[in-house]
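Here is a short briefing on one structure. Look at the model first, then read the points below.

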Amino acid sequence: MMRRKNAILTTAAIATAAVLGLAGCSAGAGNSAGSDGETPTTATIALTGTPTNLDFTTTAGSAIPQALMSNVYEGLVELDQSGEIQPLLASEWTVSDDRKTYTFTLQEGVTFSNGDEFTADDVKFSFDRVKTDWVSSLKAKMDVVDSVEVVSPTEVAVTLSKPSNAWLFSLATPVGAIFSEDAVDDLANTPVGTGPYAVEAWTPNESLVFDTRDDYWGEAPGVEQVTLKYFADATATTNALQTGDVDAIANLQAPELLSSFESDDQFVVTTGTSSGEVSLSMNNQAAPFDDVRVRQAVLYALDKQAILDTAWNGYGSLVATYAAPTDPYYEDLNDAYPYDPEKAMDLLAEAGQENLDITFTVPTRPYAQAVSEIVVSQLKDVGINATIESAEFPAVWLDQVFTQHDYQMTTVLAVEARDILTVFNDPNYYIGYDNSKIAPIAEEADAADEDGYVDGMKQVAEQIVDDAASGVLFLFPNITVAKADLQGMPENAIIEALDLTNLSWN
Amino acid sequence: MSTQQVPTPPSQAPRTSAISAPGNASTSGTARSGKRKLSATLLIGLILIGLVALAAIVSFFWTPYDPTQAMPADRLQGSSLAHLMGTDKYGRDVFSAMLYGARITLFVGVISVGIAILIGTPLGILAGIRGGWIEEVIMRASDIALAFPALLLAIMFSAVFGASTLTAMVAIGIATIPGFARVARSGTLQVMTTEYVLAARAASQSRFRIALRHVLPNIIGMVVVQSSVSFALAVLAEAGLSFLGLGTPPPTPSWGRMLQESQQFLGTEPMLAVWPGIAIAIAVMGFNLLGDGLRDRFDPKLNGSRG
Amino acid sequence: MPETTTALSRAHHTIPPLNPRNPNRMAIRILINLARFAVTYVVATVVVFLFMRLIPGDPAQIALGVNATPELLEQTREQFGTNRPLIVQYFEWFGGLLTGDFGTSYVTRTDISPMVLDRVQVSLILVLTAMVVALLVAIPLGTWAAVKHRNFSGVAIGLGSQIGVAVPGFLAGILLVIVFAVGLGWLPANGWTAPAVDFGDFIRRLILPVVALASVQGAILTRYVRSAVLEVMSEDYLRTARAKGLSKNGALLKHGLRNAAIPVITVTGVQIAALIIGAVVIERVFVIPGLGSMLLDAVGNRDMLTVQSVVMVLVAITLILNLVVDVLYTLIDPRLRRSA
């Protein structure tokens, strides 16, 4: 049957070739500007999950900061690949004795991509704007800021309402991005930042093209143009890499496809770490997961290593809650809920929830589809009958689960760095965790010295795990596949930025 | 293409049947209209559908394994005695999933074609019997519906109601209604000009009675043919929708989604794609051949003159 | 076969048949068709508009998320125009449709019209090329299969076309990619280049998706051509022609093909219309920015305005093709002329 089919295809192929051959030949000669021999000046990166628009101040979804932070927008500080805070637009800063006032000295000679000069006014404008104009849930990170004062064009003083260990870190994330006052009218289509790249072309659902800026204040990237090409599914990305249409795949969403690249020395595969937890979120405020025993039962019922092995081919690592080994307060809590179906059934019986029927809302992302089937199967073994309900991501999932909290169980990749408090220290967050126990510890930790911060945050994490507030299936790997001579693809994804500033060709 | 409205070969169109009894679209080339012998086309069609139906029926009583039961230790195994068609990435038994998938395939087909028959046929008969503005309204509504192919409707429905088997079935069903309305109408128009109907009308029988006594029995063959062909289209449509993520949600086994999930394994485990691919082709061919074969049997012209 | 029946039964029962010797009747027929087209389209806009309003939730709230302040929400509603009465919104949108201005998407915040225009071109190029290739394959194959319908080759073509129809298009596409792009490296696996940008690359990227579409469409059309030719071969006038001494093939060429062309043309029109959206599966496999994937992306984003605009463009294309097929059909069918 396949042979017959192929015969038809071959016939059709010959016919096509015959029809199109003439035109193809005549155009062939002049156009193929050779990338062979000389070093290319452009790079094309494949991604899955397209930004809906380019404005992360009013639009949710990690694809937007992933593309724009570091590349187009810069903050006063940045994170290096090991998670340490490093100076960026601020060359240095001092912290007052009460740890409430930060005085930043700004880089000079920095311009925005529209030509505007970067001054302390832009910092004040950007920080103030988070409170007034942002509608992202991230804006809460700036709540602690009391006032921003322009001391001189190159000096800005920020006063916090209380000492905060987390705040400076936040400045390296999207809330710390610096905007030009004259260029925020059409952020959705024309972002303007101080970064090394400027947006050259943006075609929604297709591609985002960056050109290197001539007037960039720092070291220029090693390529002149970077194209981010967005794909609907992972197989298409690997096909495109194999046929040379793209030069690298950032954050590959199909680990099953890696084998063919690992054995091929034309490509380099790196599996770094990320700040993204694949969660198993349970609605703490609605039955049946308002009962801690039922939540614990779910965690005992899941064989997380088996989930990681089948759903993601073993790539990634196991963590118990929203803290990654790259976080200063990380602690291995994986033993809290070992795989124990018996115990899960006992807990369910105790809670009076044998033969429980639940709805499992699964966003339409590859990792979510992959984990959902195995999770459903394992839950079935302990008498929990989970029905999968697909929710398009981001629109439907954000509206139904994140905004309206209309769900029982869901899974999502929480990519935000150091997000344990964002997720659990807010009873109005979609998980609805009762934060009365952790709130005082967290507040104390944020205001404490560094050791106090780490200790406090460890306590917070332990409490959250004790309460089985929510599960984490595994920590997402940052799988990158690149052509062997393309250098500088970031190995880890510690914040929501795909930093392309170090790209270069050998 | 998988989900567009594929018209069936034209031997059933009224013009055709009114003019000649054509050599038909059967693959054997031997079937002849009016013969009561089982033609090769019909036979092969019935055998293929029988296979699918058998798989579906068996799945109600027995599958070697629970098709949704993941066994991570046994993942991605090739064919063996323990797993006739091997296992998928979750270690689920592919053979069990194939059996169960037959059920889903037939279920989607039956419901969507059922919707189309139950709504389309009466509307078509009504249009044919009453004529006038009723006919005009029905046929214009049918024009509008025709402008929305199954795939387009299913995408629109999923935007409003979310993607599910039900949305897919209803969308495919609605998109199939005009086909039945048109077949029923043109069949009715033919029957209405026959002498026995003219006699019945002269005897002032009610239109409802005429529809029931004379029209329905005479167009039933055309409706059956249309059903068979629509069934094949529904199977393809469901597969296409599942491929786009708008069909049957996991973990319920569906051939279309199995095909979609197997995409990543084409390089390593190609059989994961081959099994559902063959199954879909068998089901579609079965119903197409059945349709072709039945078309030869229920030639509308012959029916019309038998009365 | 619903669509063909449409054209046929219309021609027979509802509209006065076209008669070239009577231009008035021809004009009337075309006018009636145009009027029907207009009415159908307007009703379809109402249906689509109201249907899309069934999507739960306030577009402004969905666009902004939970943390939006009431002022910002109101401002956004004003900007979207969703705070005005439904009827006003409808007429504004409908007016836009007529002038080709579909408005600004709530989600991408870009103008919809230029994107739709780009996508329509891509879809039309893809689908029309595929149909041309399919016809080039189907006409000789189908004719051969009919003429030799008792021979092995004829039966084999018939069987092959049955299989071609039964294989899902996306499976054909995936296999083509695996074999010709990833395996042999002859052609790109996916992507699209506009012909104006790089014509050679445009052709290279067009080949595989066109083959994927044309293999299935070719199989469908082969079945049509075969049964149309078979039918023509049994016609009285052909027998007469042969009785007059023409050879079988000569008679077929002289009289048959024109008549066989009629149902094939009808079906081709119908298939093109269906394929504009039907190609979405192939667009997905080959990452082609056509109308279908635009619709799918817009649905995923719950981008209501884009969804309803794309849907109406698709509906317009379908209706226009139906119109063309209907007119074409009556123009070339000698039987209908005779009956006038």
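Is the crossing of H6(C) and H9(C) left-handed or right-handed? It is right-handed, meaning that the near helix is turned clockwise from the far one by less than a right angle. This is a predicted model: local features need pLDDT of at least 70, side-chain atom pairs count only at pLDDT 80 or more, and totals for chains, interfaces and linings use all residues. Residues are numbered from 1 along each chain as its sequence is written, and chains are lettered from A and ligands numbered from 1 in the order in which they are written.

**Helix pair in chain C**
- H6(C) covers residues 112-147 and H9(C) covers residues 199-233.
- They pack at about 40 degrees, with axes 5 Å apart; axes are lines fitted to C-alpha atoms over the stretch in contact, and angles run from 0 to 180 degrees between N-to-C directions.

**Chain C overall**
- Chain C has 15 helices and zero strands (DSSP runs: H or I of at least four residues, E of at least two, numbered from the N terminus).
- Of its 340 residues, 53% are buried (20 or more other C-beta atoms within 10 Å of the residue's own, with C-beta atoms placed from the backbone).

**Helix H8 of chain B**
- H8(B) runs over residues 207-243, which is 37 residues.
- 27 of the 37 residues are buried, so H8(B) is largely enclosed by the rest of the structure.
- Just after H8(B), Gly245(B) has a positive phi of about 80 degrees.

Methods
Expected span 1.5 Å × (residues − 1). Buried ≥ 20, exposed ≤ 12 C-beta atoms within 10 Å, placed from the backbone.
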